[in-house]
Amino acid sequence: MSGSDRLENVNPQIHSTAGQRPVTAAELDNSVTDPIDAREVFDLVRDIADPEHPLTLEQLNVVEQELIEVDPAAGLVQVQFTPTIPHCSMATLIGLSIKVKLERSLPARFKIDVRITPGSHASERAVNKQLADKERVAAATENGRLLEVVNQCLVPPAAAGGA
């Protein structure tokens with residue numbers, strides 16, 4: 001990105017990662033119904049790349065399993081994310097990346113609600129309003145340049161070639 005030489009959070013705190021979830025026998029058995037849960041959603045979003053650093057959202061503690069709720073009966077997935085700094089200008093892009101990843105990965109029956117963790121961002125209400133607006137999200141994903149940036153975030157940093 002053109003402003004990459006001027007980082008907002010020059011020295012982010014890096015957190016340990018949860019590691020891969022062990023695969024159980026029930027998960028390998030196709031005759032067993034495996035409901036989508038918070039850990040599965042976390043596994044989908046944890047490796048999203050931060051738009052500013054070659055780190056994942058999990059490494060930056062932007063996404064946490066404890067801030068994800070899944071109600072399979074209601075068809076609802078709620079993800080709260082916490083920007084690394086209260087005035088992060090990338091918050092909407094991060095939220096959009098999470099939303100796009102989940103829309104591409106989860107069955108269409110799920111309503112996906114992505115929002116900033118309460119009290120963690122100066123423009124929390126405005127960002128949440130943008131992320132909740134279906135028309136704005138659709139317009140954003142139709143913008144070629146913005147979609148290119150989102151797609152770059154969806155490639156985990158280790159898989160991006162280490163450039």
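Reader: Which residues touch the most other members of the largest nonpolar core?

Author: In soluble globular proteins, nonpolar side chains tend to be buried together. In this predicted model, the largest nonpolar core has 38 residues, and V79, F81, I98 and L102 touch the most other members. Two or more residues each come from α2 (38–45), β2 (76–81), α3 (91–105), β3 (111–116), α4 (124–132), α5 (134–142) and α6 (144–153). The greatest contribution is that of α3, with seven residues.

Reader: Which residues does V79 touch, leaving aside those up to four places away in sequence?

Author: V79 touches V41, L67, I68, I98, L102, D113, V114 and R115.

Reader: At what angle do α3 and α4 pack, and how far apart are their axes?

Author: Two packed helices are described by the angle between their axes and the distance between the axes. For α3 and α4 the angle is about 30°, and the axes are 10 Å apart. Because angles under 35 degrees count as roughly parallel, α3 is roughly parallel to α4. Their crossing is right-handed. On α3 the contact involves A91, T92, G95, L96 and K99, and on α4 it involves V127, Q130 and L131. By class, this contact has four nonpolar, three polar and one charged residues.

Reader: Are α3 and α5 roughly parallel or roughly perpendicular to each other?

Author: The axes of α3 and α5 lie 11 Å apart at an angle of about 90°, and the two helices are therefore roughly perpendicular. L96, K99 and V100 of α3 meet V137, A140 and T141 of α5 in this contact. Its classes are four nonpolar, one polar and one charged residues.

Key
Residues numbered from 1 in each chain as written. Predicted model: local features only at pLDDT ≥ 70, side-chain atom pairs only at ≥ 80, totals over all residues. Heavy atoms only, no water. Core = buried A, V, L, I, M, F, W, Y, C linked by side-chain atoms within 4.5 Å. Buried < 20%, exposed > 50% of the residue type's maximum accessible area, 1.4 Å probe, protein only. Helix = DSSP H or I, 4+ residues; strand = E, 2+ residues; numbered from the N terminus. Contact = heavy atoms within 4.5 Å. Axes fitted to C-alpha atoms, helices over the stretch in contact; angles between N-to-C directions. Parallel < 35°, antiparallel > 145°, perpendicular 65-115°, else oblique. Left-handed = near helix turned anticlockwise from the far one by under 90°. Nonpolar A, V, L, I, M, F, W, Y, C, P; charged D, E, K, R; others polar.
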